[in-house]
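Please look over the model below. A short report on its fold, surface and selected residues follows.

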Amino acid sequence: MQRRWNGWGDPSVEMEIPEQGAAYLKEVLGEGRSQVDYPRWEFLKRIPKSRLPEHPLITTDPETRLSHSHGQSLPDWIGLRAGMLYRFPDGVAFPSSAEEVQSLLDFAEKQKIILIPYGGGTSVLGHLTVPEDRRPVLTVSLKRLNRMINLDERSLLATFEAGIIGPDLEAHLQSHGFTLGHYPQSFEYSSLGGWIATRSSGQYSTLYGRIDEQFQGGTVVAPGGKLVIPPFPASAAGPDLRHLILGSEGRLGFITEATMKIQPLARGEEEAVFGLFFPSWERGVAGMRKLFARRIPLLMARLSGARETSINLDFSGHERTVAFLRRYLPLRGVPNEEGCMCLLGFRGTDRLMKTLRKEVGTVLKEEKAVPLGKAMGESWKKYRFLMPYLRNTLWSMGYAVETVETAVIWSRVTETVEAMERAMANSLASFGEPVLTFSHLSSPYPTGSNIYTTALFKIASDGEETLERWRHLKKAVSEAIVASGGTISHQHGVGLDHKPWIEAEKGEKGTNIMAAACSVLDPDGRMNPGKLL
Ligand SMILES: Cc1cc2nc3c(=O)[nH]c(=O)nc-3n(C[C@H](O)[C@H](O)[C@H](O)COP(=O)(O)OP(=O)(O)OC[C@H]3O[C@@H](n4cnc5c(N)ncnc54)[C@H](O)[C@@H]3O)c2cc1C
């Protein structure tokens, strides 16, 4: 599949910003100035000679080394767009089997080489950054480990090679009448191994479970040996080793195979997403809390804050419908300034959906929710994998986008959202730059919720200054998350960018335990060094 070399996604796909949206950005952030992109050929000229000896599975051509030298974090983008990417792997290997992965490990041991596992390259936290090291660096793309190995229909388990990407995995399963139902927004490019290694969460994880609940067992091929975890339905035999592999970020070895819990697609079942409005954020949070306390099996739930609601409407491009809503909602007790949009998804037969919707309606009536039918949900479904393409358009208009996420218990949700938005909004004061922030909850749980906050700010004419602006923003919001009692990541992982805050969360003993696990499977520290710990 074709990919933009310095941005997101398929180069033939463009997302437009409606006039109303562009005017809003100009008003809040000031006029953005588009910057000239650093040319690709300049990068290719700059890539140094490889330090690797020849190997039949390794390519050292500059184009492949450039395309595997980064992920999709904002510093990665700034590096690519402003010519500030300085380190490249010495080579990229494309093994086709676990045996070939093992042969690369043997080669790496002999030649004292660092290894970076590469899935789909969609990390947003610097997981794939090439470290500065005396040792040569080999990035190992797992994209050729892309087969379904076994489907056990009776046990509802499917085993895949871990380099398979989302669309291929779902195509295999759906052709047999099953689904994994794991849909991160990066679905079209990200891989099963990457999902496991970063503990990802998808848009329908509310129903199908996060990747940590779906991952049942698998194989890790590591410098220190092979770890095989069988798929027990449950076990009391000591700590669950699956949780060492989940979130291991390439530090423990290569996940070559994974056995996943799957779901049959029953006849007559449908997916539907309905829209509604709450009169205020407080009402919306109370509604979510009550719904999830009842454990009603929803496919998805997303509650936007008032600012995000207003931006969603301005950017929707449906001016007449939005004008109607802005007249209609106040008549139903939802003030335009405070109304919070909510999407709730269901999966099931018509009869089940009716029952669930009735149950949900009874709970949300207490919070004065105004139901609006399917139109907003249909629009969300249509654009759910296209929204990241807006980052390309916004960058060309002179605006950078960063997204930040955490999870926190219900009693701290609102204060954490406020603290995160405040921290980001003020973070660029020393540059005289405003920041636009807005948030939603999209993975509520019985005990709390994730919080997903987006920040937009102007790109400077100098790449170094844009990066400095990002550093200020990231530090301010990460400190606010830690001070509010939130986790440093609900879904994106740690990588390089969250590393300064990991010890605050795990404690010294906790990080020592993680480091000890690394030293068992990777005694020479050659697996993705510098990430996570
Ligand atoms: C536009 C966009 C939207 C996103 N939306 C979501 C979202 O909705 N939910 C979410 O959770 N995340 C999201 N992400 C983040 C990202 O997609 C996830 O972290 C994803 O799980 C990374 O998978 P990948 O295959 O691209 O891994 P990569 O980026 O290639 O690698 C990520 C890390 O995993 C390690 N790794 C990869 N494969 C293996 C393997 N087989 N064995 C050992 N280690 C491995 C790498 O070494 C690295 O440390 C999004 C990212 C983007 C750019």
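## Domains

Into which domains is the chain divided? There are domain 1 (34-141), domain 2 (148-264), domain 3 (270-384) and domain 4 (388-485). These bounds come from an automatic or database domain assignment.

Domain 3 and domain 4 have C-alpha centres 24 Å apart. In contact across this pair are 15 residues of domain 3 and 17 residues of domain 4. Contact means heavy atoms within 4.5 Å.

## Basis of the model

This is a predicted model, where local features need pLDDT of at least 70, side-chain atom pairs count only at pLDDT 80 or more, and totals for chains, interfaces and linings use all residues. Residues are numbered from 1 along each chain as its sequence is written, and side-chain values use heavy atoms, with hydrogens and water left out.

## Overall fold

The chain holds 19 helices and 18 strands. Both are DSSP runs, numbered from the N terminus: helices are H or I with at least four residues, strands E with at least two. The radius of gyration is 23 Å, close to the 24 Å from the globule rule for 533 residues, so the chain is as compact as a globular protein of that length. The radius is taken over C-alpha atoms, and the rule is 2.2 Å times the number of residues to the power 0.38.

Along its principal axes, the C-alpha trace spans about 75 × 60 × 45 Å. Take the contacts between residues at least 6 apart in sequence: 76% of them join residues at least 24 apart.

## Surface and charge

Of the 533 residues, 56% count as buried. Buried means under 20% relative accessible area, exposed over 50%, and partly exposed in between (1.4 Å probe, protein chains only). The chain exposes about 23400 Å², and carbon and sulfur atoms supply 52% of that area. Areas come from the Shrake-Rupley method with a 1.4 Å probe.

There are 62 positive and 61 negative side chains. The centres of the two sets lie 3 Å apart. Lys and Arg count as positive, Asp and Glu as negative; His and the chain ends are not counted. Charges are placed at NZ of Lys, CZ of Arg, CG of Asp or CD of Glu.

## Two buried strand residues

Thr-139 lies in strand S4 (residues 137-141). Its relative accessible area is 1%, so Thr-139 is buried. Leaving aside residues up to four places away in sequence, Thr-139 touches His-68, Pro-89, Gly-91, Val-92, Ala-93, Ile-116 and Tyr-118.

Phe-278 sits in strand S12 (residues 270-278). Phe-278 counts as buried because its relative accessibility is 0%. Phe-278 and Leu-329 are 51 residues apart in sequence, and their C-alpha atoms are 9.7 Å apart in space.
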